[in-house]
Amino acid sequence: MSGGNSTLLDSLFFGPMCDGWTNNTEGAIYHLGNTILFLGYMGGSGAYGCLFVFGFLTPSFLCLTLWGWLTMCSLDIVSWNLLLLVACLAQICHLLYRLHQEGLPNEDLSSLYQAVYLPLGVSVQVFKEIAGAFENKVVELKAGQTYAVEGKTPIDQLSFLLSGRINVSLEGQFLHYIHRHQFLDSPEWESLRPNEEGKFQVTLTAEEDSRYISWRRRRLYMLISKERYISRLFSVMLGYDIAEKLYNLNNKLFIKSGILLDIRLPSLYHVLVPSSQGSEGGSGSDGGITKEQQTQQQGEDQALTYQKADPDQSHTFQPHLQGPRKAPLDEPQAPQHDRYRHPWASDPELPSGGDSDGNLPPRFQRGRAPLAPTDTPKL
């Protein structure tokens with residue numbers, strides 16, 4: 001055994017050298033085949049990279065097969081190169097079949113996958129399951145047509161806008177726009193449970209020719225109940241879409257002074273909090289005290305001040321029982337707001353007790369900021 005191995009090594013490393021090198025070349029077909037073989041191994045990875053590699057190897061082995069058949073007349077050279085040629089053709093057919101299976105049926109779905117689902121790391125197979133839920137159908141909506149009418153259209157589907165623009169209005173008042181790659185009815189979808197029914201509270205009208213896909217409510221619930229990953233995916237997409245719509249409404253929130261408000265600020269509480277009494281004249285910074293309570297409190301303060309000024313007559317005169325004292329006609333009265341001042345009257349930034357609602361700064365005037373202003377300019 002060892003003797004046979006040593007003989008093989010001796011023949012490889014210490015064997016007789018070539019007696020002479022020939023000056024003849026093997027022909028153009030041989031060199032063309034090896035050149036194509038060299039270019040073929042420059043391909044990348046993935047399905048398209050493999051298709052590139054085997055696409056170059058196939059003509060290369062074809063040239064080598066012809067070289068072995070026409071020039072060398074060697075059966076072993078022809079057999080091996082022909083076998084490699086058949087293997088490359090089989091690989092090309094397999095790759096084309098895979099690409100056909102993983103491909104998307106139309107251009108709209110391909111652009112949707114590239115723009116929305118691919119950045120989220122969703123595979124093509126998962127996207128095909130999602131697309132199968134709406135049967136790979138794309139619905140067209142002409143300009144001026146309505147997708148939903150407030151109080152009439154039932155909430156029985158979830159739609160995603162592929163192209164165009166949708167106008168959202170409430171009682172004829174413009175709210176915001178829905179642009180491409182946004183859900184049409186995400187707030188309505190999240191507002192209902194699977195076993196509940198409801199109707200749209202807004203009207204959706206196409207501003208221009210639009211295209212969208214639509215999942216039926218029952219079928220989509222069946223899909224997300226079986227696939228946990230798809231359920232999480234829709235939860236993230238719907239949450240992001242609803243947040244975008246809320247911020248769009250926040251941009252339309254304003255008060256009469258024209259100041260743009262932010263619903264995240266705590267100082268906006270006195271403007272947005274609902275109160276039946278506050279809208280009639282109470283300020284938002286007085287903790288909910290009405291004008292009648294302020295008047296009664298001022299009367300009690302006047303009584304205490306009078307008792308301190310006249311201690312001898314305090315046991316016989318009770319202004320809160322007998323009413324306020326009437327001054328003579330010829331005796332001028334001092335202004336009440338100078339004699340009895342509120343504790344916060346020294347602060348110039350805060351309203352004084354004598355200020356009326358019309359003199360208060362806009363931030364101290366209680367009122368609601370409308371979410372759907374009638375004079376909102378359209379984009």
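Author: Let us start with Glu171, which sits in the loop between the strands β4 (166–170) and β5 (173–178); strands are DSSP runs of E with at least two residues, helices are runs of H or I with at least four, and both are numbered from the N terminus. The model is predicted, so local features need pLDDT of at least 70 and side-chain atom pairs count only at 80 or more, while totals for chains, interfaces and linings use all residues. Residues are numbered from 1 along each chain as its sequence is written, and side-chain values use heavy atoms, with hydrogens and water left out.

Most residues other than glycine have a negative phi. Glu171, although not a glycine, has a positive phi of about 55°. Glu171 is also exposed, with a relative accessible area of 66%, where exposed means over 50%, buried under 20% and partly exposed in between, using a 1.4 Å probe and protein chains only.

Further along, in the loop between β5 and the helix α7 (186–191), lies His181, another residue other than glycine with a positive phi, here near 65°. His181 is partly exposed, its relative accessible area being 21%.

By class, the residues of the contact of α5 with α6 are 8 nonpolar, no polar and no charged.

Another pair is α2 (residues 28–40) and α3 (residues 46–72), which pack at about 160° with their axes 8 Å apart, and α2 and α3 are therefore roughly antiparallel; angles over 145 degrees count as roughly antiparallel, under 35 as roughly parallel, 65 to 115 as roughly perpendicular and the rest as oblique. Residues making the contact include Ile29, Tyr30 and Leu32 of α2, and Phe52, Val53 and Trp67 of α3. The contact of α2 with α3 has 17 nonpolar, 4 polar and no charged residues.

How values were computed. Axes fitted to C-alpha atoms, helices over the stretch in contact; angles between N-to-C directions. Contact = heavy atoms within 4.5 Å. Nonpolar A, V, L, I, M, F, W, Y, C, P; charged D, E, K, R; others polar.
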